Amino acid sequence: MKSLAMRTFRCCFGLLIFSLLAAGCGDDGEGGTVPTVAATFTVSPGVEQVTVTNAPPKATLVLYSPQGRKMLGLITDTFGQAVFAYVPDEYEVVETGNSVKVNTTRGRTLKGGSGYFIRNESIAPIEQSAPFHVLSRDDVPPDSFYDAQHLDKGFTYIEMRDGVKLSATVRFPGGAKAPPYPTVIEYSGYGPSNPDSPEPGTMIAGLLGFATVGVNMRGTGCSGGSFDVFNPAQQADGYDIIEAVARQPWVMHNQVGMIGLSYSGISQLYVASTRPPHLAAITPLSVIEDPWREQWPGGVYNSGFTRQWIAERDRESAPGGSGWVQKRIDGGDMTCAENQVLRTQNIDFEHFGRLLEFYPPDEDDRRLDLLVRKINVPVFLTGGWQDEQTGSLFANLLDEFREAPTKKFLVFNGRHPDGYSPTAITRWFEFLEFYVAKRIPRIDALTRTLAPAAFEGFFHVKGLGFEPDRFPNYTDYGQALAAYEAEQSVRVLFEVGGSSASVPGAPVARFEADFPSWPPAAQARRWYLGADNTLTDNTPSAALVDKYQHDPAAGPITYSTTGAYDFIYPMIQFDWPPLADGYGLSYLTEPFAEDTVVAGNGGYADLWFASEAADANIEVTLTQVQPDGTEVIVQSGVLRAGHRKIDTTMSDEFHIDYTFSEADFRPLTPGQFIEVKVPIRPFSQPFRAGSRLRLIIDTPGRDSPLWAYENPDYGRDIFHMVAHAPDKPSSIVLPVVDGIQVPAGYPPCPSLRGQICRPYVPLVNHAAGQ
C-alpha cells in the first residue's frame with residue numbers, strides 16, 4: 001500500500017507538471033511548443049491503463065509520458081473512446097474500434113506513475129488533459145471503499161478501485177440453515193456471473209454447504225472495462241473482489257476462499273499474489289505456469305489449443321458475445337448494456353501473442369512461477385501430467401510457494417477436467433472445510449447418496465463416489481487440523497483409468513504415493529544414445545551421427561480426433577500412427593531389471609544437434625514399450641534450438657528453463673553441432689520390470705492431444721542430425737524415485753487417462769551420409 005506522503009508528493013508533482021504543460025503551451029514531443037486548451041474529453045486512469053471517453057469519434061488521441069515523450073496515438077472509435085494499455089516499440093498511431101492491434105514485440109505495458117497526459121491532436125487548438133496518475137497493481141484504496149459496498153443474494157455488481165463495475169451472482173447454499181455461510185469466489189472470463197448457469201466449481205461448492213460468488217473479469221460477461229489476459233488490472237480487481245465480499249454480513253469469519261478449474265483456477269494464483277487481507281485459502285485446479293510459455297512452449301508457437309482459446313476469448317469478450325449477456329440486456333439490465341460499449345477497445349490477442357516471439361521482460365508481471373512466491377495463504381492445487389489444454393508445466397510452480405503456510409498438492413496422469421474427479425473433490429472439500437469454514441470436514445449421508453448420480457452425469461461412469469471421511473473420530477477442530485497438517489504435502493496418483501475397481505478410463509487410480517514436497521527426492525539416471533537404436537548406460541565408443549528429415553506436415557497434427565469437451569469421457573477417439581521411416585529417430589533401452597518409477601519436473605534430452613538450416617524446432621517424446629508389444633505415451637517436450645541460454649535462477653538438476661530472450665537467441669550454423677538440452681514436461685510414470693523406455697526425436701507435432709505447433713517452412717527438404725560419439729555423447733536424463741511399490745500387471749490398452757497407446761513398431765535410424 002502506498003503511503004499518504006507518497007500520494008501527496010505525486011499530487012504536487014502532477015500539479016507542477018500541469019502548470020508547465022497545460023493551458024497556453026506545451027512541448028510537442030519533438031522539442032518545440034504548441035498552444036493547447038483544457039480537454040473536453042474524460043480521462044479515467046486505472047491499473048496500468050487509462051480509458052478515454054466523451055472524445056469526438058475518429059479523433060487522434062496521443063498519450064505522453066511524464067517527460068513529454070509521445071508514447072502511443074489511438075484513433076477513437078465511433079463512440080469517442082480509447083483505452084491505452086500497451087506501448088508499442090516505437091511511436092505509432094493505431095485505429096481502434098474493432099480488435100485493436102498495437103505492434104509490440106516486447107509486450108510493454110503502461111506503468112504506474114504520475115504526470116502522464118493525453119492530447120487530442122485532431123483539432124486546433126489542441127486539447128490537453130490534466131496530468132494524471134496511472135495506478136500500479138498494489139495501489140490499494142482505503143478500507144472505507146470496501147466497507148461501503150453491500151451485496152445481496154442474486155445478480156449484482158461489485159465496484160473496482162477505478163470505478164469499473166464487475167458483474168457477479170451471489171448464491172446461498174440450499175437448506176434452512178441461516179447465515180453466516182462459509183463463502184468461496186469463482187472468478188474468470190467465462191460465465192461465472194451467469195445467474196442461470198453456475199460454473200461446475202460453484203455448483204459443487206453450493207451443494208456442499210458454501211455460499212458462492214461468481215464474478216466475471218472486466219471486459220467479459222456483463223462486467224465493465226476492457227478485456228485482457230491475466231493483466232495487473234485483473235489481478236487488482238481480484239483483490240478488490242475479495243475485500244468487498246469478505247465484509248458482507250453473510251460471510252462466515254469475514255474471510256473467503258477461492259475455487260475453480262482452468263481459467264478460474266489460474267485467476268486464483270494471480271489474485272492471491274496480491275495478498276488480500278481477507279483471503280482465507282485458494283484451491284486452483286488444472287492451471288498453467290506462465291501465459292507466454294503456454295503460447296510459446298519451448299519457444300515454439302502453440303497453434304493448437306492455446307490459439308483456439310485466445311480466439312474464443314476474443315469472440316466472447318466482444319459486445320454481447322455470450323447468449324446470457326444478451327438475455328440480461330434484453331431484460332432491461334442497463335448497466336450490462338452500457339458496459340458492452342467499451343468492448344470495441346479490446347486488444348486482438350491473437351495478433352498480440354504472435355508478435356511476442358521472444359520472452360518480453362514485462363511478462364514477469366504475469367509469470368506465475370515468480371508471482372506465487374508472494375502467496376501467503378493455504379493452497380490446494382491439482383493437475384494432470386497429460387492435460388490436453390494447459391499441459392503439465394504447472395508442476396514447476398509447486399516448489400515456489402515459499403510463503404504459503406500449508407500446501408496440499410494432488411497430481412496424476414490425466415486430463416483437464418480431472419480436478420473434479422471424486423478423489424480430487426473429496427480432498428478439495430476437506431481443505432475448504434479446514435481453512436474457509438474452519439470446521440472438521442464431514443460429508444453428510446444424503447450428499448453421499450446423491451453423489452454417484454452427479455459424478456456419473458459429469459464423467460459418464462457409474463459407481464463413482466466420495467472417499468470416506470478421514471477425521472470421523474475427532475471432536476476438536478484444532479486437533480483435527482493439526483493431524484491434517486502433519487500429513488505429507490504431495491499425493492501422487494498412478495495409472496488413473498487403469499483400476500480394476502471401475503471401467504477402463506474411469507478417474508480412479510491403481511496406486512498412489514505421498515511425498516513431503518514436489519519434486520520428490522530423486523536420483524539422476526542417464527541413458528546414452530547408442531548404435532542400433534539403443535539407449536545404454538555407457539558413453540558412446542564410436543563416433544556416429546543419425547539424421548532425420550524435417551516433417552513440414554507434423555506441426556498442425558494432433559492425435560485426438562475428438563473435441564476438447566469430450567476429454568471428460570472414459571475414452572477418447574485418437575489416431576496415433578507410427579512415425580514414418582526417415583522422419584524421426586528412435587532409441588530404446590534394454591528391458592528394466594526391476595520396477596522403476598520416474599517422477600519429477602521432467603528431465604531433459606541432452607543432444608548434440610546439427611541442422612542443414614539456421615533454425616530448427618525439436619520434439620522429444622518418451623514412451624513405454626511393454627513386453628507384449630504395447631506402446632504407451634508418457635510425456636514429451638519441444639524446443640526451438642536457437643534458445644540455448646539456460647536461466648540458471650529457474651533451473652535445477654532435472655528442470656531446464658531458458659531465458660527465451662531475443663538477446664540470448666542464437667541461430668544455428670548449418671552443419672555445425674551444438675549441445676541442446678530439450679526439456680521434458682513434468683510427469684510421473686512406473687516402468688515395470690520387463691518394460692522398456694523409448695526416446696523419439698522428431699519434428700514437433702503428432703504426439704500431443706490438442707497442442708499443435710508452427711514449425712519453419714524451409715521450402716525444400718531439410719535434414720537434422722543427432723550425434724552420439726565420445727566427444728558428443730547425446731543422452732537423456734530422468735529423475736528416478738526409490739521406495740514406491742508398483743502393483744503387478746499392466747493396465748488395459750487403452751485405459752489410462754491422458755495416455756494413449758498403440759502397437760510398437762520399430763523405427764530404423766538412418767546414418768548421416770546415407
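**Exercise 1. How many cavities of 30 Å³ or more does the count come to?**

Solution. This is a predicted model, where local features need pLDDT of at least 70, side-chain atom pairs count only at pLDDT 80 or more, and totals for chains, interfaces and linings use all residues. Residues are numbered from 1 along each chain as its sequence is written, and side-chain values use heavy atoms, with hydrogens and water left out.

Step 1: start with the rule. On a 1 Å grid over the protein atoms alone, a cavity is a set of points where a 1.4 Å probe fits but cannot get out.

Step 2: apply the rule, and the count is twelve cavities.

**Exercise 2. Describe the largest cavity.**

Solution. Step 1: its volume, the space filled by probe spheres set on the points, is about 430 Å³.

Step 2: look at the lining, meaning residues with an atom within 4 Å of a point. The largest cavity has 29 lining residues, and Val-229, Phe-230, Pro-291, Trp-309 and Ile-310 lie nearest its centre.

Step 3: sort the lining by class, which gives 16 nonpolar, eight polar (Gly counts here) and five charged residues (Asp, Glu, Lys and Arg).

**Exercise 3. Is Ser-264 buried or exposed?**

Solution. Step 1: buried means under 20% relative accessible area and exposed over 50%, with a 1.4 Å probe and protein chains only.

Step 2: Ser-264 has 2% relative accessibility, so this residue counts as buried.

Step 3: check a partner. The side chains of Ser-264 and Glu-186 make a polar contact at 3.0 Å; such a contact is a pair of N or O atoms within 3.5 Å, one able to donate a hydrogen and the other to accept it.

Note on methods. On a 1 Å grid over the protein atoms alone, a cavity is a set of points where a 1.4 Å probe fits but cannot get out, and a pocket is an open set with protein on both sides within 12 Å along at least five of seven lines; lining residues have an atom within 4 Å of a point.
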